[in-house]
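Me: Please take a close look at one part of this model, the ligand site, and go through its surroundings step by step. Then place the site in the protein as a whole.

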Amino acid sequence: MDCLFCAIVNGDIPSKKVYEDDRCYAFLDINPQAPVHCLVVPRLHVGSLDEIDGESAEAASHIIKTIPKIARELGLGNGYRVVTNIGEDGRQSVKHLHFHILGGECLSENMA
Ligand code: 5GP
Ligand code: ZN
């Protein structure tokens, strides 16, 4: 399967690692949209939140529980935003589930 984030998780494409464990990998976004912009992905390939099943739901739940720890490591004690884009209307460009962590400043009130 030709998947950019699988290649990043496997180390075939370099990335700036922020955090990793047995189920997820977090790295800095190549095109940051906030002073701090990190992506968290499951090691297991799943296309998006729309394709969640039992095993990937466990991985996604693990990521949700891990995001506060990653945010603390990124110095986002004053708050942050978590976003996951889904499908065409959601403007998802990489078809491997990922959660954006955005922060480092007071973010826009607009979300769409
Ligand atoms: P999406 O638009 O699918 O929600 O988010 C995909 C994100 O992946 C974008 O914010 C984009 O900047 C980031 N991205 C795309 N290619 C790469 C890459 O090769 N390395 C890293 N670190 N981020 C990438
Ligand atoms: Zn993948």
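Reply: A polar contact here is a pair of N or O atoms within 3.5 Å. The model is predicted, and the distances below are computed from it.

By that cut-off, ligand 1 makes a polar contact with the backbone of R91: one of the ligand's oxygen atoms lies 3.3 Å from a polar backbone atom of that residue. At I30 the ligand atom is a nitrogen, and its distance to a polar backbone atom of the residue is 3.3 Å. How much of ligand 1 does the protein bury? Taken alone, the ligand exposes 520 Å², and 84% of that is buried by the protein.

As for where the ligand sits, the space that ligand 1 takes is the largest pocket. Two elements, α1 (4–9) and β2 (24–28), each give two or more residues to the shell around the ligand. The largest share comes from α1, with three residues.

The shell itself holds 16 residues, of which D29, N85, S93, H98 and H100 come nearest to ligand 1. Sorted by class, eight residues of the shell are nonpolar, six are polar and two are charged.

Turning to the whole protein, its secondary structure consists of two helices and five strands. Read from the N terminus, the order of these elements is α-β-β-β-α-β-β.

The overall dimensions can be given in two ways. The C-alpha trace spans about 40 × 30 × 25 Å along its principal axes. The radius of gyration is 13 Å, which agrees with a compact globule, because a globule of 112 residues would have a value near 13 Å.

Notes. Residues are numbered from 1 along each chain as its sequence is written. Chains are lettered from A and ligands numbered from 1 in the order in which they are written. This is a predicted model: local features need pLDDT of at least 70, side-chain atom pairs count only at pLDDT 80 or more; totals for chains, interfaces and linings use all residues. Side-chain values use heavy atoms; hydrogens and water are left out. A residue is near a molecule or strand if one of its heavy atoms lies within 4 Å of it. A polar contact is a pair of N or O atoms within 3.5 Å; within protein, one must be able to donate a hydrogen and the other to accept it, and residues adjacent in sequence count only if both atoms are side-chain atoms. Accessible areas come from the Shrake-Rupley method with a 1.4 Å probe; for residues, only the protein chains shown count as cover. On a 1 Å grid over the protein atoms alone, a cavity is a set of points where a 1.4 Å probe fits but cannot get out, and a pocket is an open set with protein on both sides within 12 Å along at least five of seven lines; lining residues have an atom within 4 Å of a point. A molecule sits in a cavity or pocket if more than half of its atoms lie within 2 Å of its grid points. Helices (H or I, at least four residues) and strands (E, at least two) are DSSP runs, numbered from the N terminus. Ala, Val, Leu, Ile, Met, Phe, Trp, Tyr, Cys and Pro count as nonpolar, Asp, Glu, Lys and Arg as charged, and the others, Gly among them, as polar. The radius of gyration is taken over C-alpha atoms; the globule rule is 2.2 Å times the number of residues to the power 0.38.
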